[in-house]
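Hi everyone, thanks for making time this morning.

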Amino acid sequence: MSKLRPQVTIPDTETHLISSSNINQDFSILVALPHTYAKFDKAYPALYVLDANGVFGTVTETVRMLTTVNAIPEIIIIGIAYPVNTLTETFAFRTRDYTPTRVDEWYKEIALPNKPNYCGSGGAPQFLRFIREELMPFINATYRTIPQDDAILGFSFGGLFALYTLFDKPNTFQRYIIGSPTVWWDESVILNREQDFAANNTDLPAKLFMSVGSNENERMVTGMQTLAKTMQDRRYKNLEMKTHIFEDETHTSVAPATISRGLRVVFV
């Protein structure tokens, strides 16, 4: 019988527990610092990662591998996680926090073993306030970040939330990595958000990478393509956008490819 041994940990990482008054929710904030952070007195760009319960490790080590060959700059990674043990346990929370409108029926139709109890949807406005008013001030006061050089990375509902942020408070982030966004949510309500934004704005200063896997549900692929074409046709000033369809990738398998490609697009 093997002896009980310490769990593997990721070097140069820290964890904070932040209680949000905007949402009445505790969040586990996972921070990965560049290996050089303690050696040099300089500031770094910040990358905010949604669904950190599932992708924090993948993002952290991908960033670190890319920085070893100077493909991207060193980055402080801030993972926004929930104080639970598995990604499945976050499904109810992320449905509540990442969606811009309320659609109760959707969650009831999901067939998952041990599905968490439903806790609502349409909470994107409150979640964005949490990031802007509570999380970002804490991160900027605690770590040496570069002001106004922030990025967000989100998949699926996380991608939907990133798009909501882009059209509601676009100055929150300067770089957007959006994977497999659920453009279809609530009869593609995010397309209406983009239309409302375009009615009042011609400038959209952001670097944006958006992707989807070719083997995803058709509505995922066509949703991303429709939004991308609409934004391209707008000819927004100062928007640098690239999109990609990853061949032979599914809704789950496409994540690592999106992380790697997206980092190399928005941090150039």
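I'll talk about aromatic rings, then charges over rings, then salt bridges.

A quick word on the ground rules: this is a predicted model, in which local features need pLDDT of at least 70 and side-chain atom pairs count only at pLDDT 80 or more, while totals for chains, interfaces and linings use all residues. Residues are numbered from 1 along each chain as its sequence is written, and side-chain values use heavy atoms, with hydrogens and water left out.

Let's start with the rings. Searching the whole structure turns up 23 aromatic pairs. Here, rings of Phe, Tyr and Trp (its six-membered ring) pair if their centres lie within 6.5 Å; planes under 30 degrees apart are stacked, over 60 edge-to-face, and the rest tilted.

One of them is Phe27 with Phe127, a tilted pair with 5.9 Å between centres and 50 degrees between planes. Phe27 sits in strand E2 (residues 25-32) and Phe127 in helix H4 (residues 124-142), so this pair links distant parts of the chain, 100 residues apart. Helices (H or I, at least four residues) and strands (E, at least two) are DSSP runs, numbered from the N terminus.

Buried means under 20% relative accessible area, exposed over 50%, and partly exposed in between, with a 1.4 Å probe and protein chains only.

Now find the cluster: ring pairs link Phe27, Tyr82, Phe93, Tyr98, Phe127, Phe130, Phe161 and Tyr164.

Next, charges over rings, where NZ of Lys or CZ of Arg is within 6 Å of the ring centre and within 35 degrees of the ring normal. Lys115 lies over the face of Tyr107, 4.9 Å from the ring centre. Over the face of Trp184 you'll find Arg219, at 3.7 Å from the ring centre.

Finally, how many salt bridges does the structure hold? There are 10, each a side-chain nitrogen of Lys or Arg within 4 Å of a carboxyl oxygen of Asp or Glu.

Take Asp41 and Arg144, whose closest N and O atoms are 3.7 Å apart. Asp41 is in the loop between E2 and strand E3 (44-49), and Arg144 in the loop between H4 and strand E5 (145-155), so their bridge ties together parts 103 residues apart in sequence. Asp41 is exposed at 75% relative accessibility, whereas Arg144 is partly exposed at 25%.

Another bridge joins Asp97 and Arg96, at 2.7 Å from N to O. Asp97 is buried at 1%, and Arg96 is buried at 14%.
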